[in-house]
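Hi everyone, thanks for coming. Let me put the structure up, and then I'll walk you through a sheet, its helices and a helix pair.

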Amino acid sequence: MAVWALGINHTTAPLDLRGRFAFALDQLTPTLQGLRQSLGSASRHPGVETAIISTCNRTEVYCAAGGQSAIDHALGWLAHSGGVSPTLLRAHAYALQDGLAARHAFRVASGLDSMVLGEAQILGQMKDAVRAAETAGALGTTLNQLFQRSFAVAKEVRSSTAIGAQSISMAAAAVRLAGQLFEDLSQIRVLFIGAGEMIGLCATHFAAKNPLGMSVANRTLERGEKLAARFGGEALRLADLPERLHLFDAVVSCTASSLPIIGLGAVERALRKRRHRPMFMVDLAVPRDIEPEVKALGDVYLYTVDDLAGVVQTAQASRQAAVAQAEAIIDARVQSFMHWMDQRSPVDGVLSLIQQLNAQTDTWRAAEIARAKKRLARGEGVDAVLDALARGMAQKMLHGTLAELRASDAQVRAQTAQTVARLFLRAQSKNGL
């Protein structure tokens, strides 16, 4: 069974195109079920394994089923879900198979494929995606192995290298940019829109600068109040934003809304009330929370998730040695995963043979245990019964081997003898016996 990954990310697709393929976490289960059904119908194989990772910087489909035809079908399905042509999506997408797909998954989990080199947030997002795939019944043995090994690689990379050292997060980059606009961040009021992990990180970084005030606007007021309380701030309803937007010098937004929350008109009205004092705005959402036309306003400094790319890469050069170490770890783990895949390959029949051997030994074991129980019931001694059980299992397991060794063809006997010695006498030869 082939393993492949199909996706777009911050290096291959612009922000607005990525926004078309952003799946909220609560959408993943029905989305996966639809994809799995579509791939299963196309390949006539209902056991297709699928998972989708969707973040601000990437949307990736992982699958264990078929080959190029399955990838082409998935690309068409993904293009349809985003409302674009397959030709347009193909121009920005990448498709990786088997070892290359495993390497990509390991690099993503380790933070090597992130906008912020070495960031750890992607690992949690991957784990959320895997849990969603499990809930949807779309995760099988192959993809489960791929992702569990990805998590193990990420842990090894983080503990064995300095890949995360001195990294500048998106949250820290936002504060740095704000500091370039405002002379003293302790004299500004900051509004956070959303209450997720990214907003929590941004609020933590801004709070370190002791701003005049911090407020949180969220669709669910209770979650907003909980986050605001951590920083001694206030919570707002999203419906209150149009009337209160002018009160804030800096706005940081990151929600899962499918439509913009702040429009051009609302910002224009806020600027008039502020008498055109500058506003700093950061939109970390994909798709956008703030209409892109806002950037054209003279007194607004609007940055998107892609605009922060240059800021977060400033410390990258100093981490190249750690990257080389991480890549070496990943190389070894990819080889291990592909060896595991080869063992399961139906082409050489190894997996089928292993299953048959296990089934045969289970049958022999059950028969010998049943015979031993009867002898015990007749009152025979335990030692004698155990000895008979062991001899019975040994005879059953060696019967075919001994029969081959007694074959009349000398050449066959010689080949069989070498194989038997390698399989059964390995421990003795290693111990010098």
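Let's start with an open sheet of four strands, ordered β2-β3-β1-β4 with antiparallel pairing. Strands are DSSP runs of E with at least two residues, helices are runs of H or I with at least four, and both are numbered from the N terminus. Two strands pair if DSSP finds at least two bridges between them. At the edges sit β2 (49-54) and β4 (94-97), each pairing on one side only. On average, neighbouring strands here are turned by 15° against each other, ignoring direction; axes are lines fitted to C-alpha atoms, for helices over the stretch in contact, and angles run from 0 to 180 degrees between N-to-C directions.

A quick word on the model: it is predicted, with local features needing pLDDT of at least 70 and side-chain atom pairs pLDDT 80 or more, while totals for chains, interfaces and linings use all residues. Residues are numbered from 1 along each chain as its sequence is written, and side-chain values use heavy atoms, leaving out hydrogens and water.

Back to the sheet: β2 and β3 (residues 58-64) are joined antiparallel by six bridges, and S54 stands opposite T59 in β3. Helix α3 (residues 68-82) packs on the sheet, touching β1 (3-9), β2 and β4, where contact means heavy atoms within 4.5 Å. Helix α7 (residues 141-160) also packs there, touching β1, β2 and β3, at about 35° to β2.

Now, how do helices α8 (residues 170-181) and α9 (residues 197-207) cross? Their axes come within 8 Å, at roughly 45°. The crossing is right-handed, meaning the near helix is turned clockwise from the far one by less than a right angle.
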